[in-house]
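Dear colleague,

I am passing on the structure below, and my notes on it follow. Please read them with the model open beside you.

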Amino acid sequence: MKKKILPLLALFGLYTLLALLLFWPLVFQSSTLVAPDSLIPHASTIALDKLQTESGLYPLWQPWLFSGMPTVEALSYISGLYFPNIVFSLFNTSGILLQLLHLAFAGFGVFLFLRQYGLTTPAAPFGGALFMLNPYMTAMLVHGHGSQLMTAAWMPWMLWAVMRLMQRGGLVDAGILAIIAGFQLQRSHVQIAYYSWMLALLLAVVLFLFGRDSCKSEGSHKGGPYRILLLMAALGCGVAMSASIYLPASEYAAYSVRGMAAQGGASSWDYATLWSMHPMELLTFLIPGFFGFGGVTYWGFMPFTDFPNYAGIVVLLLAVAGGYSRRKEPMIWFFTAGALLALLLSFGRFFSPVFDLFYHFAPLFSRFRVPSMALIILYLIISFLAAIGVNDLLQRSNERMVNPIRIGALLLAVFLLIFLAFDQSIESFFRALFPEPPVESFDLAFMINKVRWENLKGSLLIALFTLLLFTGVFWLGIKGKLSHQMTGFLFFLLALLDLFWIDIQIIYPSESSLRSPVFAESRQVGRAFQPDDITRYLAAQKGAFRIYPAGPLFAENKFALSGIESVGGYHPAKLKIYEEFLAKTENLSSINILRMLNVGYIVTPLPLNHSALELVKTGTLQLAGGPVPVNVYRLQSTLPRAWFAERVSSVQSSDELFSRLLDDAALQGEALVDASLWRGTRTFAPATVTSIQRRSESMSLKVLVPGDAFLVVSEIYYPLRWKVTVDGRPAEMVRVNGLLRGVRVPAGSREVHFYYDRSLFDNARRISLGAFGVALLMIAGGFVVGQLRKKQIGKCTI
C-alpha cells in the first residue's frame, strides 16, 4: 500500500510546488491580489464572518448592501457550505492557498483519469501539468474567480469517477462519484459544473455503448444497466449533497436580476450571449497576441477580456498527434465530440444553431452568460490528448514522419523569412485593421496601437521559433540522436515553457503592456479593510440609518465592515425589484427617494450644494486603490426606519408609481400600493412605534394602535423569505412604493414582528448532510461486500 500511495503523494507535492512557484509573491512575499472581483466581495465576507460568530447562525441575509439582500440564495457566502472547507479551516488555510491547492488538485485529477485510461506514468503526469498551467486556469485565480477555478478543478475528477464506475461497477465507486459530484456542486459555480456534468454524462454514454467488453469489472459482474442505475444514484446523491445551496438558490432565481435576464426575449438572449467567442479569435490559440493581450489593447469581438484564449502551440500539436494515433478508439470519439461541442457552444451568437438548441431546450442553460466559458472543456480535452500524443510518439516508430517534418520545417523557415522581409508592410496592414482605441488622448491611442502590434509580432515570432524547436527535437528523436526519454523530456519542457510564457504575462504584466499590476503589498491593501476616519464617524452615529455612497463610491462594499448599511454596493445577483428601482430612479438620484430609504448621510468625493444637505464631516476613505478624500453630508428630514402612513393610495402602473415618487411636491411619507389591492386612497388611523429591536434576520416593533393603521418599514420587500406576524398571528405583507414592506395593523395591536424564514435552508442543510452520509455508507458497504466476496472466493478455492 505504501508503495502505491507514496508516489501519488510525491506527484501531488510536485504539482503543488509548481503552483506555489508560479504564484510565489502570494505565498513567499507579503503580496495580495488586487482584482476587483477579489477585493470587493471580501469586505462583505469579513462582515458576515463576524455576524456568524456573534449570532451563532449561518447568515442568510446581509443588511449592508442594496438596503438588504440574501446571501446563500444569491450564491454568496457559501464557502462554509463546501464540506472540504471544514477540514481546511482547521489549519487556518488562507483563500489563496486553498485556490493553489485546488489548482494542484486539478492536475492530479487529470493524472488519475489518464492512468485509469491506461497511459504510462511519464505521460499521465505531463497531462496534469498541462491542465493546471493552462492560461485560463491562471487567469481565473489572478482575476478573483476562485469559485470558477475550484469548480473546474473537480472536472477531471468527475470524469475519472465516472470511468471508474462504468468500468468496475462497484458500490464503492458509486460512493466516490457521489462525493466528488457533491463537492463540485458545493463549490457553486453553476456554469462550470454544468459543463462538467454534460461532459461526464457524454463519457458515460460512450462507455456504455462501446466499452462493454473492455470494461469488465474488477470483482463485479453486473452488466451495463446496473452500472447506469448506480451512476444515476451516485449523481442524485451528489445533487442532494448540494441541497443547502441550490434549493434556496433555485427559488431565489425568480426574484434575482439574473433570473430576470433569463426569462426570455431579446434582452435575455443578449445577456446569455455576452462574451461569445468569435471563430476568428481561434487564432489566439496559436498566436496569443493576435487580438491584443487583454485590457485596453484588446481589439477582438468580446466586450472586453483580460487574457488571450491560448492553448499552447506545442500542446496543440501533441493533442492532434494523440487524436490521430488513436482515431479508431471510442474514447477518441468522445474527446472529439466533447471538444467540438465546447467549441460550438463557445461561439454563442457568432454561430447560433448549436447554442440555440441548448439555450431553448437544455434545462437552466438560458440562465448562463459568457459562452466562451465552455472552452474549459476544450482545454481539458486538449490536455488529455496531448498526454496521449506524447505517450504514443515515444512508443511508436515515426520514420514515416521524416518527410512531413522536413517539409514543415522548410515552410516555417520560408514563412519566417517572408515575415522579416516584409515587416513594415505587414505592420501597416494590421494597423489598418486595429479599431480606434476608446481613449481621448491621441498619444495614448498611438501607444495602444503600438503595443497591439508588438503583441502580435512578438507572439508570432515566438510561435514560429517554438515550432522550429519542436520540429528539431522531433527530427533528432526520429533519427536516434536523442533517446525516447530525452525526446519526451524535451517535449514536456517545450510545452510547459510555452504555457509558462503566457502565464507569466498574465501574472506579472510589464509596464509596457499597458495592463495594471495584479499584485499589491498586503499592508497597503489591508488598510482598505480597517476602520478609517470616515467609517469610524459613521459607525458612531446613533439610530438606524443608511448611507448613500455617491458617484464612484456607489459600488463600494467596505462600509459593511463597520456595520454601516448602504443603499449601494456590489453584487452580480441583487434583487430584481432593486435593480428595477435603481434604473427607474437613475441610481436613486432623488432626495425624496433617499429619504424614503432612511438615508441619513451621503458620502461623496465631490462637493454638493442642496438645502436639505448639511456638511458634517470631511476626511479620507481608505480603499484598496488608495485613499480617497470625501465629504459626508447629513440628509435632513429623512424618514425613520418604520412609520405609520395615514394615507395609502393605489397606482395603476409602474410609470405612475415612479412619477409620484419622484415628484418633489409629493407628500412625504405617503404610501403607494398596487391597484389590485384597492382603488383610490384609503385613510388609516395615526399610530406610534414605541420601540424597535433589529437583528439581521428579524425586526420586532412595539406599537400603539388606537385604530386600524398601516405600517411601513424601510426594508426590502422580499415575500419569499421575509414574513410578518401581528401579535403572533400571520399577516399579509404588502409591497409599498415599489420596494418597501407594509402591513395593515388592526386596532389594539401591540407588536409587529418581521422575520426571515430559515426553514428551507435548515431542511436543505439536513438533506446535504444526510446525502453525504449515504455516500459514505455506499463506500463502506461496498468495501465490506468486497471483503466478504474475497473471503467467499478464497473458501471456494480451498
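**What was found**

Residues 24 or more positions apart make up 75% of the contacts in the protein that have a separation of 6 or more, where a contact means heavy atoms within 4.5 Å. Please keep in mind that this is a predicted model, in which local features need pLDDT of at least 70 and side-chain atom pairs count only at pLDDT 80 or more, while totals for chains, interfaces and linings use all residues. Residues are numbered from 1 along each chain as its sequence is written, and side-chain values use heavy atoms, with hydrogens and water left out.

The radius of gyration, taken over C-alpha atoms, is 30 Å, which agrees with the value near 28 Å that a compact globule of 798 residues would have; the globule rule is 2.2 Å times the number of residues to the power 0.38. Of these 798 residues, 54% are buried, meaning under 20% relative accessible area with a 1.4 Å probe, protein chains only.

The protein contains 29 helices and 21 strands, which are DSSP runs numbered from the N terminus (helices H or I, at least four residues; strands E, at least two). One of the strands, β7 (residues 599-604), has six of its six residues buried, so it is largely enclosed by the rest of the structure. Strand β5 (residues 546-549) runs parallel to β7 and is joined to it by four bridges, with I547 opposite Y601. Strand β9 (residues 626-635) pairs with β7 in the antiparallel sense, also over four bridges, and here Y601 stands opposite R634; two strands pair if DSSP finds at least two bridges between them.

With best wishes

Notes: Buried < 20%, exposed > 50% of the residue type's maximum accessible area, 1.4 Å probe, protein only.
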